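Subject: Structure handover

Dear colleague,

Here is the structure that I promised to pass on to you.

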Amino acid sequence: MTQPPPPPTSVPVADNPPEKMVLEMVELLNAGDIEGSLAYFSEDVMSYIIGLPPTGMEVYAGKEQLRTLWQDSVDNHFQWEVALPRVNGNVVSVSTKTWHDFTRQLGVAPLSWYDAYEIKDGKIIAYSTTITRESLASLKTALAEAMPPEPTSAPSTNLPASEMTVTIAGGTCTTDNPLTLRAGEVKVHLNIKDQNKPLYALTLFNLDEGKDLLDLMAATVGEPPSWADMLLFKEVEPGTNATYTFTVKKGPVYLVCWAKPLEIPIGNAGPLEVK
C-alpha cells in the first residue's frame, strides 16, 4: 500500500502565532477596522516607510502617529495583499502589494513592497515596509509625467564643513546636516542615545550618476547595488559616543542609519554637496 507523502515542513498560518498576527492585522485594515488593526501594535511601536518621495524615509513614532497613516489608508481605499510569510525568531517578513487611490490615479497600482515586523510579548513593536526597486522606478516615471519637475536648486553658498554630528535617538537619526562638505578628510561624531536595540550602524555613500536617495533607500533590501560606493560603515552598540573619519573626493554624499533587528534603515540625510 502506498504511503501518503510527508506533511509540508512549513507551519500553517493557523499554527504560527507571529504569522497569524500579521495576517489578521492586515485583514482588519483591509476591512476598514482601524482600531482593530492597531490593537496588534504596541503603544511605542516604531514604523518606517522606506523609499517613497520626497525623502525616502517616513518615520511614525508610537501607535498614535501610526493611527494617522492608517486613517489615511482607509480614507483612500487602501488594500494590502500579503504573500510568502517567513518567520525567523520574533521577526516576520512578507512580500506585499498595495493599492491606494493615489497610485490608482497614477496608474501604478499595485506597488510591491518588502515588509518586516518585530514581535515581542504578543505585540508588533517595530514595522518597516520598503518599496521594491521595480515599483519605485514605475512610481518615479509616473510622478515625472504627472508633475512638472522642480527647478534645479542653485549651488549652496554655505561654507563647506569638515565635521558633522549624527545622533540616534527616539528610534531614528538626525544630523546637524551641513549642506556642503569639504573634499578630503571628514570627521563624523556619532552619538547613540537609544538603548533598545542590540546594534546600530552608520553608513555614508557616493552614488553613480542618475541614482538618488530614493534609489538608495529602495536598495536597502537585497544585494547591495553596484552603483553605490560605501565611504563609511560603522556597526556599533547602544550608548556609543565616538568619532570616525572618512575621505570624500566627490559629491553628493548620502547618509543612512540602521538598527538591528530588523536590520532596517531608521533615518537618512542627503544629498550633501562636496566642495
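What follows describes the chain as a whole and then one of its sheets.

Please bear in mind that this is a predicted model, in which local features need pLDDT of at least 70 and side-chain atom pairs count only at pLDDT 80 or more, while totals for chains, interfaces and linings use all residues. Residues are numbered from 1 along each chain as its sequence is written, and side-chain values use heavy atoms, with hydrogens and water left out.

The protein chain contains six helices and 15 strands (DSSP runs, numbered from the N terminus, of H or I with at least four residues for helices and of E with at least two for strands). Its C-alpha trace spans about 75 × 45 × 45 Å along the principal axes. Of the 275 residues in the protein chain, 45% are buried, meaning under 20% relative accessible area with a 1.4 Å probe, protein chains only. Among contacts (heavy atoms within 4.5 Å) between residues at least 6 apart in sequence, 61% join residues at least 24 apart.

Strand E9 runs parallel to strand E15 (residues 264–274), and two bridges join them; leucine 181 has valine 274 in E15 as its bridge partner.

Conventions: Buried < 20%, exposed > 50% of the residue type's maximum accessible area, 1.4 Å probe, protein only. Pairing = 2+ DSSP bridges.
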